[in-house]
Every structure is written in C-alpha cells, then in structure tokens.
Amino acid sequence: MLTTFNSTIKITLLSLLLSCICTTSYAEVTLPKLISNGMVLQREQAITLWGWGALDEQVEVQLNGKPVGTSTTAAGKWQIQLAPQPAGGPHTITIAGTNTIALNDIYFGDVWLTSGQSNMDLPMRRVKHTYPREVAEANLPQVRVFTVPSQYDFNQVHNDVSGGQWLAVNPDNIEQFSAVSYFFAKALHQAKHIPIGIINSSMGGTTAEGWLSEESLQAFPTHYQKAKLYQDKNYLAQLINSDKKAQVQWHNQLTQKDKGTAEELPWYAPEYKATNWHSMQVPGYWANHPSFKGVNTINGNVWFRKTLTLPNEAANEAGQIWLGTIVDADTVYINGHKIGNTGYQYPPRLYPINKNILQAGENTIVVKITSNYGKGGFILDKPYWLEVNNTRYDLKGEWQFKVGALSAPPPSSKFVSYTAPLGYYNAMLAPLLATQIKGVVWYQGESNVGRAEEYKSLMATLIKSWRAGFNQPELPFIVVQLANFLEAQAAPSESHWAELREAQRQIVNSTSHTALVVTIDVGEWNDIHPVRKKEVGLRAAVAARHIAYNETDLVHTGPQIRCFEQHKQSITLHFEPSSAALKAPHNVVHGIQIQMEVAPFHWVRGHIKGNTVEIDTKSTNAANNIKKVRYAWADNPSTANLFNSVGLPAAPFEITKHCEH
C-alpha cells in the first residue's frame with residue numbers, strides 16, 4: 001500500500017514538473033525565423049507580424065520605439081497588423097510580452113519569393129569562375145537573402161521553416177546565395193533604388209507537384225494517392241531503410257570486388273606500375289572503347305591515370321585541378337594523395353591542391369570513376385586542366401585506364417524524396433504564406449519533362465493555390481522557361497524538352513499577371529545546370545519591372561508569336577506588337593519547321609519583314625495545307641536565332657493558329 005502511495009506521489013510530482021516546464025516554454029514570446037534581425041518587410045502594404053506565446057498573453061509591438069499595436073494570444077499564437085510603411089531603414093522593432101525581443105537592422109522594401117528546383121537553387125559558388133568580379137566585389141547592404149533549408153513533410157503543414165537567417169550581400173557570404181536570385185535582386189535594387197529582400201525556397205530535383213498543397217493535389221489522383229501512401233510513417237520508413245540498405249550493399253560489393261584497392265599496392269599509389277592498361281582520349285566515355293565490345297555491363301569502377309610533367313617552380317606549390325563533369329561519381333588522387341571526391345554527376349569537379357603535393361617532374365594523377373547507369377566517363381566540352389602559379393596545364397588527351405570492377409546498375413530507389421508530391425509545400429512553402437511579398441520568380445520544370453500536358457494543369461493549379469495562400473489574387477508570377485540542353489539534332493524531331501517549354505509558354509499566355517523569361521540561348525548541351533545565370537536574373541528583373549512595377553513601356557520579353565498566315569507560295573508569321581524590332585543575322589531566321597497534312601516536319605528559312613517573318617514555300621509543295629509551324633522545337637535548338645532589338649530571344653513555339661482577317 002505504501003509502495004503504491006509513493007508511486008502516486010512520484011507520478012503527481014513528475015506531472016507537475018512537466019506542466020511547469022511546458023508552461024515556461026510557452027510563456028515566452030517566440031518568433032518565426034523569417035521575423036528576425038536584418039529582415040526586409042514588404043513596403044506600402046499592411047504587414048502581419050506574428051509569433052507564439054502563452055495563452056492570453058498580452059504582446060505589444062513597437063516600431064522605432066513607438067507603439068503600433070497589441071495582441072492577445074489565442075491558441076498560443078498572436079499577430080499584429082503593422083500599417084503600410086515607405087521603403088527605407090534601418091528600423092528597430094520591439095516585441096514585448098513576458099519577455100522582450102528587439103529586432104535590429106530592419107528595412108522596408110520589396111520582398112520576392114524565388115522557388116523551383118536546382119537551377120534556382122544553384123549557388124553563386126557554382127558560377128563564381130564565370131562571374132569572378134561579382135563575387136569579389138559584392139557589397140549590397142540593402143539586398144538581403146533568406147535561404148529556406150531543404151525539408152519535406154507529408155503529414156503536417158509547418159508553421160515555421162527549419163532554419164535560415166537574413167543576410168546582406170557581401171563577399172563573405174555571396175557564394176551561398178542562389179545565383180538567379182542574386183542577379184535578379186541586384187538588378188531590381190539598381191533599377192528601383194529600394195531595399196530588396198529575397199526568400200529563396202528551392203530544392204534540386206523537385207517536381208511541380210512537390211510544391212502543391214494536399215487540397216490542390218486532389219485534382220491529380222495519382223499524385224494525391226502517392227502522397228497519402230507517404231503519410232504512413234511506417235511505410236515510408238520501410239522504403240527509406242530498404243533503399244539505404246540496397247545502396248550500401250551495392251557500393252560495398254563494388255568496393256570489395258575492386259582490384260584497384262584490393263591489390264597489395266593500390267592503383268593510386270605513385271609507385272604502382274600501370275602495365276597492361278588501355279589508353280583512351282579524355283574527355284570521352286569508356287563504353288565507346290573497343291575493349292568493351294561485346295560486354296553487356298559496363299558500369300562499375302574504372303580507374304584512369306595520367307602523368308603530368310611540371311617545372312621546378314611548381315614543386316610544393318598549392319594549385320587546383322578542374323576535371324569538367326564526370327559520370328557519375330569520382331575520387332581523385334595526385335601523387336598518392338586524395339584531393340577530392342564527388343558522389344554524383346552534376347557538380348563541376350574543381351578540387352584544390354594543397355601545398356607539398358605537386359613536385360617537379362612527373363606527377364601521377366589518378367581518377368577512380370564509379371558509373372551507376374549508362375555511359376561512364378568524362379563529359380565532353382568541359383574544362384580539363386591543372387593550374388599552379390597562374391599557369392594552366394592541359395589534361396585533355398591520352399589517359400590510361402583499367403577496370404577495377406564491373407557491376408550491374410544499383411537497384412532503383414523505391415522512394416526519391418525530391419520527386420515526391422506535397423512534402424515541400426508543407427515544409428518549405430506553407431510557413432511563408434503569412435509573409436507579404438511583391439511577387440514570385442519560378443524556375444522549375446526539368447523534373448516534369450515528359451509530362452508537358454499534365455504540367456500545364458499542375459502549374460495553373462500551383463499559381464492559383466499560391467496566390468490564394470498569400471491572399472494576393474494578382475500576385476505577379478514570373479516563369480523561367482527551360483534552357484537549351486542535350487545534343488543538337490540535324491533533322492527535325494520530337495522533343496519532350498520542347499513540349500515542356502511550350503507548356504510554360506501557354507501557361508503564361510493563359511494566366512494574368514505572369515511573364516515568361518526565355519533562356520533558350522543561355523543553356524549548355526552537356527550540362528543541365530548552365531552557368532549563365534546572370535542573363536536569367538537580369539531578364540527576370542526586366543519582366544518584374546513590367547508586370548509588378550507597371551513599367552508598361554518596357555520591353556520585357558522577346559518576340560511572341562501570334563498566328564501564321566498561309567499564302568499560295570509563302571507563309572507569314574505574325575508576332576505580338578512590340579516597340580522592339582525583330583532581329584536576326586542578315587535578317588534570316590533559322591530554326592523554323594513546318595508540317596503539311598501528310599508529310600513530316602522539315603526545315604525552312606524565314607526572312608524578317610517589319611514585325612513579321614516571311615517563309616518562301618515555293619519549293620515545299622505546301623500549297624494550302626500547312627498543319628503546324630514550329631520554331632526552336634528541339635531539346636537544344638542550336639540554330640534558333642530570332643531576337644528583338646533589345647537582345648531578348650523569341651520564345652520557342654508550336655502553332656496551328658491561322659490569322660483571322
């Protein structure tokens with residue numbers, strides 16, 4: 001009996017202690033991470049400041065020491081409306097309840113949300129060699145960036161992001177910022193002379209459906225059902241654990257079989273004698289080598305070696321090595337020292353070389369490549385060199401190679417988080433909806449290539465959903481169209497990339513307060529992450545000035561097709577009226593295809609005449625049966641050359657619309 005009584009006392013005391021702890025944790029006023037030092041708040045709009053506190057707690061907000069309002073917490077949350085403020089700063093905001101929080105260095109300006117997948121997420125450090133002065137000289141104290149950490153959640157709509165802070169642009173931190181976001185913000189700041197805040201909420205590889213709410217997803221049953229499956233935490237954990245186990249097992253088996261590290265002297269050792277190795281030209285792919293003729297599986301670990309002779313002044317000096325891009329993973333050694341490794345295909349391989357590694361005379365460079373699928377090797381048309389003392393030594397040419405271990409491709413993952421629906425909306429978009437913003441810049445679509453028709457519906461739903469969430473029915477929405485990518489084709493052909501671009505063009509044409517940023521001229525055939533992000537940011541800023549700042553006379557886009565007119569021996573392409581003239585070298589437009597009723601597409605050339613492009617069809621037997629006209633319709637339409645006089649490219653298109661008279 002006494003034992004039972006003592007147990008009851010212990011339980012009661014523990015309950016009281018926990019109650020006190022909980023009360024204490026909720027008694028203090030807390031803020032979402034976006035409301036913090038250095039933030040930019042949207043100018044000239046009523047601003048909602050919010051946070052959490054104890055039940056019925058009185059919270060007072062002051063701006064520059066003057067009271068602006070009080071609130072009583074309900075269900076643990078409080079919010080206060082701040083009257084519209086003009087652009088400028090710095091300001092202080094004080095929030096007082098049981099405790100007091102002082103926020104400093106606050107500016108009012110324009111806040112833009114930038115979102116999408118990897119080309120929006122791509123940081124300045126990936127393009128710093130293209131824009132070295134931008135990185136070295138960055139000093140924009142009134143341009144602030146808040147980067148939302150990557151996170152997904154299928155079960156719960158988050159009320160706050162998992163981390164992040166407002167940072168003013170300077171040389172110490174610019175490399176971590178989204179490149180498109182930075183160039184966009186800088187251009188707007190210079191044009192409008194006001195503080196600019198960027199909230200970058202992006203995640204590489206994500207699909208459009210990953211940024212839709214659960215309610216919105218119900219219009220897409222397949223994605224909705226997948227999201228509901230992932231809401232079963234046990235099921236999701238089983239998928240993740242199964243994938244992890246399978247990947248670890250595959251890599252372990254490959255490592256165990258690899259002769260390059262199984263022998264007494266590893267193949268990266270400088271004293272190892274590379275006898276009976278094959279030779280191959282780098283860059284290139286080993287699947288094309290004659291030694292693999294008749295071999296079904298050519299994935300696994302393949303080792304490459306090259307001897308580079310350096311002068312005396314290079315000995316023991318620091319340097320760097322650039323090995324382009326590699327399919328898929330690599331580990332690099334110089335003179336037996338491991339200097340770097342990358343676990344997947346896309347990042348550029350630029351590795352620093354520490355002092356006391358390089359030597360006068362012969363240096364041994366060894367690269368172990370792990371290929372998971374397809375053709376393994378060194379991607380063409382990328383830089384391959386070693387630099388020391390500002391001198392570059394070419395690494396292209398003949399390398400020796402030998403197979404360490406071949407393997408079947410790794411098992412496919414059952415769960416790939418970045419392609420899943422719903423999760424990124426819940427964790428990375430929903431927590432932002434209480435923030436007042438000026439507009440959205442959206443750069444996404446690569447992960448939806450192959451589903452263009454569905455993409456139109458997904459994006460129409462996404463734009464409508466986000467506008468409703470931000471309570472701004474006319475929220476400006478700027479869509480960056482996909483860049484040129486993959487190898488150019490000599491003959492007209494179907495293209496999933498072109499179809500996705502056309503879907504993006506149609507979305508913008510059918511949705512008010514939107515703009516299209518065309519990037520068909522700034523891509524790279526061999527890289528899904530092209531480095532020319534400055535043009536993207538500048539063009540997005542021009543589009544923003546047109547649709548969000550009412551600079552209606554500003555030419556914000558390249559030539560936009562309206563319709564075509566069929567004549568007896570010619571076709572006339574009519575473009576939307578613009579104050580900028582059509583431009584092409586020698587006024588000759590390439591990249592146009594036409595299709596007749598019973599014939600495949602074929603190339604034709606056009607000639608600029610005023611605001612039209614005239615196509616001579618005398619030799620095509622096209623009489624009166626033109627079915628479709630396409631321009632820049634390819635994965636990589638390398639011949640497309642139609643611009644306007646302010647340097648903006650024409651949007652790729654496919655039209656069947658005849659002009660109405």
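Residues are numbered from 1 along each chain as its sequence is written, and side-chain values use heavy atoms, without hydrogens or water. Because the model is predicted, local features need pLDDT of at least 70 and side-chain atom pairs count only at pLDDT 80 or more, while totals for chains, interfaces and linings use all residues.

**Exercise 1.** Find which cysteines form a disulfide, and state where Cys563 and Cys659 lie.

Solution. 
1. A disulfide is a pair of cysteine sulfur atoms within 2.5 Å. The count by this rule is 1 disulfide.
2. The pair is Cys563 and Cys659, with sulfur atoms 2.0 Å apart.
3. The torsion about their S-S bond is about 95°, so the disulfide is right-handed.
4. Cys563 belongs to strand E27 (residues 561-566) and Cys659 to the segment after strand E35 (653-655), so the bond ties together parts 96 residues apart in sequence. Strands (E, at least two residues) and helices (H or I, at least four) are DSSP runs, numbered from the N terminus.
5. Buried means under 20% relative accessible area (1.4 Å probe, protein chains only). Cys563 is buried at 2%, and Cys659 counts as buried at 15%.

**Exercise 2.** Identify which residues touch the most other members of the largest nonpolar core.

Solution. 
1. A nonpolar core is a set of buried Ala, Val, Leu, Ile, Met, Phe, Trp, Tyr and Cys residues joined through side-chain atoms within 4.5 Å.
2. The largest core has 72 residues, and Ile93 and Trp466 touch the most other members.
3. Helix H10 (residues 452-469) gives the most to this core, 7 residues.
4. Another core, of 42 residues, lies apart from it and includes Leu188 and Ala541.

Note on methods:
Buried < 20%, exposed > 50% of the residue type's maximum accessible area, 1.4 Å probe, protein only.
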